[in-house]
Amino acid sequence: MKIFSALYEWTLKWAEHKLAPKILAILSFAESVFFPIPPDVLLAPMVLAKPKKAWSYATITTIASVFGGMAGYALGYYMFEPWIQPLITEWGKQATFDQAVLWFNDWGVWVVFIAGFSPVPYKVFTVSAGFLQMAFLPFLIVSAIGRGMRFFLVAGLIHYGGERMEKSLRKWVDVLGWIVVGLIVILYFILR
């Protein structure tokens, strides 16, 4: 089924739109607080569409994501009891949240760095950092470094891979899409 090819073409067209950088910033901010889709899915096609703006797009993504992380931290710090805890309970994510707290106890600030750089849900750790009243400046620094490394790496790979990478991606997009779906399903069953 070629569902991802059509989605890929649509995303490439959207990536050239004049509002794309603003949408990228909004998506990056939202993903750091609550939204499930990572900004990489828009960052990569935007860099493919306009390679000369790769570093600009990576900067937008990083800054907006760090501001979103700050909002997640504030939510955890000030609004955990009235807003966040009921959502965690309602969505059945208490075990996931408890695991994040354990990781904070074991690894401290490095958990935020790992979550910022890796595909682990960064939003869980921004809210957890606020709830645990982690020192804000270290949180901010490791968030900026982790998120920046991730988004500049994505932009750099796409920028330097250029047309060759785009052709390969176009050829394998459906296979990669189904692999990602499979990984998400596996992670869902592991983390529930």
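K123 and E31 are both buried, and in this predicted model they form a salt bridge whose closest N and O atoms are 3.7 Å apart. K123 sits in helix α8 (residues 122–131) and E31 in helix α2 (residues 20–31), so their pairing ties together parts that are 92 residues apart in sequence.

**Salt bridges**

- Searching the whole structure turns up three salt bridges.
- E31 also meets R147, side chain to side chain, in a salt bridge with an N to O distance of 2.4 Å.
- Because E31 belongs to helix α2 and R147 to helix α9, this pair links parts that lie 116 residues apart in sequence.
- E31 counts as buried because its relative accessibility is 5%, which falls under the 20% cut-off.
- R147 is buried too, with a relative accessible area of 0%.
- The side chains of R150 and D40 form another salt bridge, at 2.7 Å from N to O.
- R150 is in helix α9 and D40 in helix α3 (residues 40–49), so here the parts tied together are 110 residues apart in sequence.
- Through shared partners, salt bridges join E31, K123 and R147 into one network.

**A buried threonine**

- T61 is part of helix α4, which covers residues 54–78.
- A polar atom of the T61 side chain lies 2.7 Å from the backbone oxygen of Y57.
- Setting aside neighbours within four places in sequence, T61 is in contact with L24, S28, P39, L43 and F151.

- Is L137 buried or exposed? L137 counts as exposed because its relative accessibility is 54%, and the cut-off for exposed is over 50%.

Notes: Residues are numbered from 1 along each chain as its sequence is written. This is a predicted model: local features need pLDDT of at least 70, side-chain atom pairs count only at pLDDT 80 or more; totals for chains, interfaces and linings use all residues. Side-chain values use heavy atoms; hydrogens and water are left out. Helices (H or I, at least four residues) and strands (E, at least two) are DSSP runs, numbered from the N terminus. A polar contact is a pair of N or O atoms within 3.5 Å; within protein, one must be able to donate a hydrogen and the other to accept it, and residues adjacent in sequence count only if both atoms are side-chain atoms. Contact means heavy atoms within 4.5 Å. Buried means under 20% relative accessible area, exposed over 50%, partly exposed in between (1.4 Å probe, protein chains only). A salt bridge is a side-chain nitrogen of Lys or Arg within 4 Å of a carboxyl oxygen of Asp or Glu.
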